[in-house]
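Subject: Structure handover

Hello,

Here is the structure you asked for, with my notes below it. Please open it first and follow the notes with the residues on screen.

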Amino acid sequence: MDRERESSPQPVTKPEAEAVARPGRHRLDFLTWERLPSDIEDETHRKRLRDLETYAGARFAEGVFIAENANIHTDRLVMGAASWIAGHALVRGDVEMGENVSVNPYACLSGKLRIGNGVRIASHVSIIGFNHGFDDLETPIYRQPLTSLGIVIGDDVWIGANAVLLDGVTVGRGAIIAAGAVVAKDVPANAIVGGVPARVVRMRGTATSPVESPETVAERHLLAFDLTAQEDWRAVLDHYGKDGQYLSADAGGTVAPRIRHLCDAIEIASAFGAESERFDKAATIARLQSYQDEETGLFPDPDQRREGLLRDDPTALYNVLAVGYALECLSAAPLRPVDLVEKMDSFQLVEWLEGLPWSTRAWHSGATVDAIGTALYLNARYFGGGRHRHTLFGWLALNADRTTGLWGRPTEAEGFLQPVNGFYRLTRGSHAQFGLPVPYPETAINTVLLNYRQHDGFSGKSFNACNLLDTIHPLMLCLKQTDHRREEARQIARSILDRICGRWMAGGGFAFAEGQGQSLQGTEMWLSVIWLAADCLGLSHVLSFRPRGIHRLAPALL
């Protein structure tokens, strides 16, 4: 009887019946690379993608595949062509993936992530683009605010099983993260890293050779660039003009006659110690001095139409710097003080400062302070004036924001970009120029680094000389007072050198921004950025040039 019962067919439940009928139903959750075009175009899958476009703020290119049991709970998700996410992976936050990215089962991607093309993410990897606050000992950690610097992963990166990437890191193109590694700092391009915390084991393509230090690599790149720049900078100046007549594009790409072009040419020649070789000093000095307005002491462009007060003309204000420093490079000075600043009283100066648009245009406000500070410096050094610098520094000390270290407010559209760029201009003409400490160096460093991360380290259209100069100069200035996050500043310096040194074009120099033609302004500014980045790494001594004008870091002489 018992044997009969054992051999008799047992009832089969509905789920068991489905499993028998379709034993490979969940195969693509785990072997997602086996997906076929028919799986991608299957209506059930297409509906899944449509639902995620609504629920998860997703946008998908052609050939994307999301496995049935993938857990997608993003605020925003962008996936490039032929990328896929396997079952039981968790993706949440603000995530961008390039083309041909694979996310294997049980991987966890969280926070603000920017992932390049051809990236391979193995099972059980954790990429965490946020962090818990924990500095306040009186408040439980779970109640403290989250921070998010974001994580950037370059193209062609392989991340091994169980690896962990922590908030704020950048992984260079072609890097390999070994299984189980904990990555807490940036990974150089083509590096193989492993361990806890992760360190460079070797570089790809150097099977048994010793690993070069990042500074050794940077020094090699700088020496190669310096040789190119030394051989070509004269041809660059010749390309844009001769005998004091220079025509070049401005930051917006517009070609128009400006005093600045001559001043940029003088600064480039002066950086290489050859201003006397390139210019008739007496004629050039006389020409620059002739631009000064007799009433205000400002330097308006002579062919530029002006409306309203000259003090509201950004070009006339900027030319206080451009002409003032070009004259100093030629061992000369303006003919007269900048009376616009010298003849106002302290109340008028404070009224001017407080009337600037700090909440909406902090960059413009900082640029105005730069011109005021430079005018006070020129007045003090050459004419025995500049007394209002005491009022200026008193106002700056009282109005610095101790929570950001900056002046001005972030905007909804650009975040901290305006106040950070304004911080560079403001401190360049005041604290850096007069050799005085900034009020809150550590919080300023925090905000500059946050701005850098929030703009993905500046790439594409935002990769321009202004944004990178306005990052590295403030960091270098603040690091004169503290070692706070110095290694992160050094990592940014390495990244800048890696990205810009190879962009010099023979006979044209540097473009100011991605997608523009080369220009005098771009060349002068990027040379300054390169020198500052090299100095951050202790390598500026290998360069044959040094900024001597507007973008010098050392205090001016009084």
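**Strand 18 and its sheet**

Strand 16 (residues 176–177) pairs with strand 18 in the parallel sense, over two bridges. Within that pairing, Ile177 has Val193 of strand 18 as its bridge partner. Please keep in mind that this is a predicted model.

Strand 18 covers residues 191–194, and both of its faces are covered. Ala191 and Val193 are buried on one side, and Ile192 and Gly194 are buried on the other. Strand 18 also pairs with strand 19 (residues 199–203), this time antiparallel, through four bridges. There, Gly194 stands opposite Arg199 of strand 19. Strands 18 and 19 form a hairpin with four residues between them. In the turn, Gly195 has a positive phi of about 100°.

In general, strands of a sheet pair through backbone hydrogen bonds, either parallel or antiparallel. The sheet here is open and has eight strands in the order 2-4-6-8-13-16-18-19, with mixed pairing. Its edge strands are strand 2 (65–66) and strand 19, each of which pairs on one side only. Strand 2 pairs with strand 4 (residues 84–85) in the parallel sense, over two bridges. In strand 4, Trp84 is the residue opposite Phe65.

**Nonpolar cores**

Which residues touch the most other members of the largest nonpolar core? They are Leu222, Phe225, Leu288, Trp352, Ile530 and Phe545, in a core of 118 residues. Leaving out residues up to four places away in sequence, Trp352 touches Arg311, Leu317, Leu340, Val341, Met344, Thr368 and Ile372. A second, separate core has 44 residues, including Leu49, Ala56, Val64 and Ala191. Ala191 is also one of the buried residues of strand 18.

**Helix 7**

Helix 7 (residues 259–271) has 13 residues, and 13 of the 13 are buried. From its first C-alpha to its last it reaches 19 Å, close to the 18 Å expected at 1.5 Å a residue. Just after helix 7, Gly273 takes a positive phi of about 70°.

**Salt bridges**

The structure holds 29 salt bridges. In one of them, the side chains of Arg114 and Glu96 meet at 3.7 Å, N to O. Arg114 lies in strand 7 (residues 108–115) and Glu96 in strand 5 (residues 90–97), so this pair ties together parts that are 18 residues apart in sequence. Arg114 is buried, with a relative accessible area of 12%, whereas Glu96 is partly exposed at 25%. Both belong to a network of salt bridges that links Arg76, Asp94, Glu96, Arg114 and Asp456.

Where else do salt bridges tie parts together? Arg234 forms one with Glu277, the closest N and O atoms being 2.7 Å apart. Because Arg234 lies in helix 6 (residues 214–240) and Glu277 in helix 8 (residues 275–278), the pair ties together parts that are 43 residues apart in sequence. Arg234 counts as partly exposed, at 33% relative accessibility.

Arg278 forms a salt bridge with Asp238, with the closest N and O atoms 2.6 Å apart. Arg278 lies in helix 8 and Asp238 in helix 6, so this pair ties together parts that are 40 residues apart in sequence. Arg278 is partly exposed at 22% relative accessibility, and Asp238 is partly exposed with a relative accessible area of 33%.

Regards

Note on methods:
Residues are numbered from 1 along each chain as its sequence is written. This is a predicted model: local features need pLDDT of at least 70, side-chain atom pairs count only at pLDDT 80 or more; totals for chains, interfaces and linings use all residues. Side-chain values use heavy atoms; hydrogens and water are left out. Buried means under 20% relative accessible area, exposed over 50%, partly exposed in between (1.4 Å probe, protein chains only). Two strands pair if DSSP finds at least two bridges between them. A nonpolar core is a set of buried Ala, Val, Leu, Ile, Met, Phe, Trp, Tyr and Cys residues joined through side-chain atoms within 4.5 Å. Contact means heavy atoms within 4.5 Å. The expected span of a helix is 1.5 Å times one less than its number of residues. A salt bridge is a side-chain nitrogen of Lys or Arg within 4 Å of a carboxyl oxygen of Asp or Glu.
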